[in-house]
Amino acid sequence: NGMRDGENAKTPLYQVVKERLMHDFGTLPYYSTFPSEREICETYEVSRPTVRTALDLLEQEKKIIRMP
């Protein structure tokens, strides 16, 4: 069940992950706990750098707030 199944092969993988995250978790209330990078890697079967890039984009778009 890899991320490329049924996805446009020309779309960067980090963008696919970003869109899937918004689809799967976009309705969470403010300040809800988001899955960890490791959990996202395992769920979507992608590398950590891919997840970090997707999360960076979500943060830049003010969709998520990262807390230390």
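A residue is called buried when its relative accessible area is under 20%, exposed when over 50%, and partly exposed in between (1.4 Å probe, protein chains only). The model is predicted, so local features need pLDDT of at least 70 and side-chain atom pairs count only at pLDDT 80 or more, while totals for chains, interfaces and linings use all residues. Residues are numbered from 1 along each chain as its sequence is written, and side-chain values use heavy atoms, with hydrogens and water left out.

The structure holds five salt bridges. A salt bridge is a side-chain nitrogen of Lys or Arg within 4 Å of a carboxyl oxygen of Asp or Glu. One of them joins K18 to E61, with the closest N and O atoms 3.2 Å apart. This pair links distant parts of the chain: K18 sits in helix α1 (residues 13-25), and E61 in the segment after α3 (48-60), 43 residues apart. Helices (H or I, at least four residues) and strands (E, at least two) are DSSP runs, numbered from the N terminus. K18 is buried, at 10% relative accessible area. E61 is partly exposed, at 40%.

E37 takes part in a network of salt bridges with R48 and R52. The R48 and E37 side chains meet at 2.9 Å, N to O. R48 lies in helix α3 and E37 in helix α2 (residues 37-44), so this pair ties together parts 11 residues apart in sequence. R52 also bridges to E37, its closest N and O atoms being 3.0 Å apart. R52 lies in helix α3 too, so its pairing with E37 in helix α2 ties together parts 15 residues apart in sequence. E37 is buried, with a relative accessible area of 18%. R48 is partly exposed at 33%, and R52 is partly exposed at 41%.
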